[in-house]
Amino acid sequence: MRDHKKNELGKNPEELFGRVVAILEQARGNVVRAVNSSMVLAYWLIGREIVEALQGGEERAEYGKKVIEALSGRLTERYGKGFSEQSLQNFRRFYLAYLERVTIPSPTGRESSGILWYPEKLRPLGVGSSREAIPYPAGRELTPPVKGHPPGDESQLGFSPHLSWSHYRALMRVENEAARLFYEKEAVECGWSKTQLERQIHSSYYQRIVANRGTAGLIAAERDRLPGESVGAEHFLKSPYVLEFLGLPDSPELHETDVEQAIIDNLQSFLLELGKGFSFVARQKHIRFDSEDLYIDLVFYNFMLKCFLLIDLKIGKLTHRDVGQMDGYVRLFEDRFKVSGDNPTIGLILCSDKGEAVAKYSVLSEGRQIFASKYLQVLPSEQELQLEMEKERRLIETALMEKVDL
């Protein structure tokens, strides 16, 4: 019996190899996350020591510079690279950016006044905090963790083991605290790399959501919502969309097919810009209606909304015909492809020239989930994007007033 079992195990060496590799890869991943978490926390603690040392010393810039310079020299002599004056300044800024993230006893016996942190939710509860804490929605409070929890356990200390020091270095440069917390949570939930995180920050992802849909657009993950709480499609859509990664020329010869092909060639980046929960389904989806062949440019599915998203690409201004065509696409698609359990299909017209008509159709819908958004082919500056969003807000407000008057 024992020999038979031995032979069975040896029949497929590839399966054995695959299982061993999986074990080793998981172990290595755990080690990397543990090291990342420990180093991030160490840098926060170093930043705290520097801040407290400078606060307790002479109130002169020269004094602070000399303290950091001397500390840098001694640390470099002992540990080598990684402790330049610039690095120590970054540790200091990191602590100040996350001043109230954790409460950990100092090695010298001092304890920083701050708050306990719940990394699963990324929301602080004020405990002796001078700043206003972000409250939980009613019914979602958590049981506070034990304050004396061992400092080595990243599950309680508030810096995600899934984010590296490079992530936090990018995050700490975001001055708006609400935006910084939003980017941090999204980076964890969506598995953003450091480069992807920086791209979302530079493209003002947070500001575009808030400007377009208000703070309600900052939706929580499925596990954070109350039972039965639904999220509307409008919370997932942005305007404008920034598609600088397509590398498209600003040329009158540009066609919708060029934009479509560029999106397919850069699908991962487009999914990142589209938002969380989207997966690619089809390109030029064929639907036959009577004797007519219709083709939908792009089809996606959102597993959080549990619905399809149909995208029609448009170069130039939006027309009544474009909206009517999308309405027909949505009706036909729901009739042919929607299954039990799916929510209503969303139709999104992405156009390069967004005028008053688009603003009206962005709020029209009449019970059908049809939206329009402008896309930008270059990454705008913060000021340019702000002007673009303010212009769109005025157009939508005008459209809403006209609709009320009717």
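Modeller: Two strands pair if DSSP finds at least two bridges between them. Keep that in mind as we walk through this predicted model.

Colleague: How do you know that S3 and strand S8 pair?

Modeller: S3 and S8 (residues 370–376) have 2 bridges in the parallel sense, and at least two are needed, so they count as paired. Within this region, valine 242 stands opposite leucine 376 in S8.

Colleague: Which order do the strands of the open sheet have?

Modeller: The order of its 6 strands is S3-S8-S7-S6-S5-S4, with mixed pairing. Strand S3 (241–242) and strand S4 (278–289) stand at the edges, because each has a single partner strand. One side of each is therefore left without a neighbour in the sheet.

Colleague: What packs on this sheet?

Modeller: Helix H12 (residues 320–337) does, touching S4, S5, S6, strand S7 (346–353) and S8. The direction of H12 makes about 160° with that of S6. Helix H10 (residues 256–265) lies across S4, strand S5 (292–302), S6 and S8, and runs at about 135° to S6.

Colleague: Why is aspartate 312 called buried?

Modeller: Aspartate 312 has a relative accessible area of 7%. Buried means under 20%, so aspartate 312 belongs there. This residue sits in strand S6 (residues 307–317) and touches residues including Asp297, Gln325 and Leu348.

Colleague: And why is methionine 39 called partly exposed?

Modeller: Methionine 39, in helix H2 (residues 13–55), has a relative accessible area of 35%. Buried is under 20% and exposed is over 50%, so methionine 39 falls in between. Together with Val31 and Val35, Met39 makes a nonpolar surface patch of about 250 Å².

Terms used
Residues are numbered from 1 along each chain as its sequence is written. This is a predicted model: local features need pLDDT of at least 70, side-chain atom pairs count only at pLDDT 80 or more; totals for chains, interfaces and linings use all residues. Side-chain values use heavy atoms; hydrogens and water are left out. Patches are made of residues with over 30% relative accessible area and no salt bridge: like charges are joined within 9 Å, nonpolar side chains (Val, Leu, Ile, Met, Phe, Trp, Tyr) within 5 Å. Accessible areas come from the Shrake-Rupley method with a 1.4 Å probe; for residues, only the protein chains shown count as cover. A salt bridge is a side-chain nitrogen of Lys or Arg within 4 Å of a carboxyl oxygen of Asp or Glu. Helices (H or I, at least four residues) and strands (E, at least two) are DSSP runs, numbered from the N terminus. Buried means under 20% relative accessible area, exposed over 50%, partly exposed in between (1.4 Å probe, protein chains only). Contact means heavy atoms within 4.5 Å. Axes are lines fitted to C-alpha atoms, for helices over the stretch in contact, and angles run from 0 to 180 degrees between N-to-C directions. Lists of a residue's contacts leave out its neighbours within four places in sequence.
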